[in-house]
Amino acid sequence: MTQSEIKLCSLLLQEHFGEIVEKVGVHLIRTGSQPLRVIAHDTGTSLDQVRKALCVLIQHNLVIYQVHKRGVVEYEAQCSRVLRMLRYPRYIYTTKTLYSDTGELIVEELLLNGKMTMSAVVKKVADRLTETMEDGKTMDYAEVSNTFVRLADTHFVQRCPLVPTIENSDLGPPPPAPTLVVNEKDMYLVPKLSLIGKGKRRRSSDEDAAGEPKAKRPKHTTDNKEIFRSLPVGYNISKQVLDQYLTLLADDPLEFVGKSGDSGGGMYVINLHKALASLATATLESVVQERFGSRCARIFRLVLQKKHLEQKQVEDFAMIPAKEAKDMLYKMLSENFISLQEIPKTPDHAPSRTFYLYTVNVLSAARMLLHRCYKSIANLIERRQFETKENKRLLEKSQRVEAIIASMQATGAEEAQLQEIEEMITAPERQQLETLKRNVNKLDASEIQVDETIFLLESYIESTMKRQ
């Protein structure tokens, strides 16, 4: 766990849950598993406040606990889950795209509350949607329930672990903390509910919202005849043209699609690791070009392609003067974008009898860039908080004015009265508010863009580690 990750976790916890939860969460991230009283002692926080903070963190799946043999309960922070809070806006936007406003609000409520029962989510979302509708229109609970079922079918939501039922109650005193278990087969099954009001009895959990059985999970590898039969009806592509497309994909040097065997036209598989490696490499090349210029990017791509090169070879292949090539290689070496490998001719490692080869360790460079991305997002959050704090008085004034105007509109106030209230905010103040809004929007957009890079680099690193 690097300092940049810890700092980012601290900022996220403070922004979402406040100072006490942040103090307890960061302490667990730094120290690892700790019992309740040790946490209270080390953080200088009362036991009651630590209990409440741990309840919040456990509710949001940011802390787990474990009961040891001696009955001691230790709590452990999940740093990776804390960092995932950066991606909450992306989760909500994706759900809105796929499942409209109903799906968006379901995921939003679950992210806000951590864990909820299905009935509570359905009622809350239906009420929120009803408030936005025209008078006389309401949202049917059954419609919200059907969307919830679809989210479970596509693994957007899942069941929480439960306390197992014990038939014999005379097994001794209860444990200091319950052991939660979940059956993998039941993780994405939803309960059968009798919905209140306009709600109807929900369909069986074995069927989706359209009343059809769930589709079987597609195989990772298919031949060209399965592929051809799976094409949508609107695709007017003959089998011969499809074979040409598949051949082009299989022969592409990027190797995103692989082919094995020739029976039945051959079996095709998508190589996600190759795709992730190509995207991570392209990201590194882009950063090098933005940071050091096009000539450094040319050298970086050259070393990446040739695997190992001496300085003289870099000068010749890149057609760059010796002094400039040396400076550029040193810049990238000092920033850990490239590395230097020594291959001695003799056991004494004498410099005159040693080859010095430059190479690109993509995995190491990706980790370095990932840590810089964490630091960048932390800086963006701090800047956004600074901008908001500097304009706190003006923001509060604007909110009060908006509240007064909304109240007067509800009571049927005249336009002249509303205009008079709006003039409480002067023209310079209004311009300052617009500037603040524009700056905060830019910072928010930058956070999302940097998080896209984080997601790519994390996926590549995880995929590479699994293959080693």
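Student: Which element gives the largest share of the lining of the largest cavity?

Tutor: Bearing in mind that this is a predicted model, the largest share of that lining comes from α18, which contributes three residues.

Student: And what residues line the largest cavity?

Tutor: The lining is made up of Leu86, Arg87, Pro89, Arg90, Ile448, Asp451 and Glu452, and the elements that give two or more residues to the lining of this cavity are α6 and α18.

Student: How many cavities of 30 Å³ or more are there, and how much space lies in the largest?

Tutor: The count comes to one cavity of 30 Å³ or more, and about 40 Å³ of space lies in the largest cavity.

Student: OK, on to pockets. How much space lies in the largest one, roughly?

Tutor: The largest pocket holds about 1,700 Å³ of space, and its lining comprises 46 residues, of which Asn61, Gly114, Gln158, Arg159 and Cys160 lie nearest the centre of the pocket. Two or more lining residues come from each of β2 (63-67), α5 (79-83), α6, α7 and α8.

Student: Which of those gives the most?

Tutor: That is α6, which gives eight residues to the lining of the largest pocket.

Student: Let's take α7 then. Which of its residues are buried?

Tutor: The buried residues of α7 are Met118, Val121, Val122, Val125, Ala126 and Leu129. Because they cover an arc of only 120° around the axis, they sit on the same side of α7. Their packing is against α6 (88-113) and α8 (141-153).

Student: How far does α7 reach from its first C-alpha to its last?

Tutor: Helix α7 (residues 118-132) has 15 residues and reaches 22 Å between those atoms, which is close to the 21 Å expected at 1.5 Å a residue.

Student: Switching to α11, why does its length agree with what a helix should span?

Tutor: At 1.5 Å a residue, the 21 residues of α11 (residues 272-292) should span 30 Å, and the C-alpha atoms at the ends of α11 are 30 Å apart, so the two agree.

Student: What happens at its start, and what follows it?

Tutor: At the start of α11, a side-chain oxygen of asparagine 271 comes to within 3.2 Å of the backbone nitrogen of histidine 273. After α11 comes glycine 293, with a positive phi near 105°.

Student: Which residues of α11 are buried, and what covers them?

Tutor: The buried residues of α11 are His273, Ala275, Ala280, Thr281, Thr283, Leu284 and Val288, and what covers them includes α12 (294-306), α14 (322-334), α15 (362-390) and α18 (427-467).

Key:
Residues numbered from 1 in each chain as written. Predicted model: local features only at pLDDT ≥ 70, side-chain atom pairs only at ≥ 80, totals over all residues. Heavy atoms only, no water. Helix = DSSP H or I, 4+ residues; strand = E, 2+ residues; numbered from the N terminus. Expected span 1.5 Å × (residues − 1). Buried < 20%, exposed > 50% of the residue type's maximum accessible area, 1.4 Å probe, protein only. Contact = heavy atoms within 4.5 Å. Polar contact = N/O pair within 3.5 Å; in protein donor to acceptor, adjacent residues only side chain to side chain. Arc of directions from axis to C-beta. 1 Å grid on protein atoms, 1.4 Å probe; cavity = no way out; pocket = protein on both sides within 12 Å on 5 of 7 lines; lining within 4 Å. Points joined across faces, edges and corners; volume = space filled by probe spheres on them.
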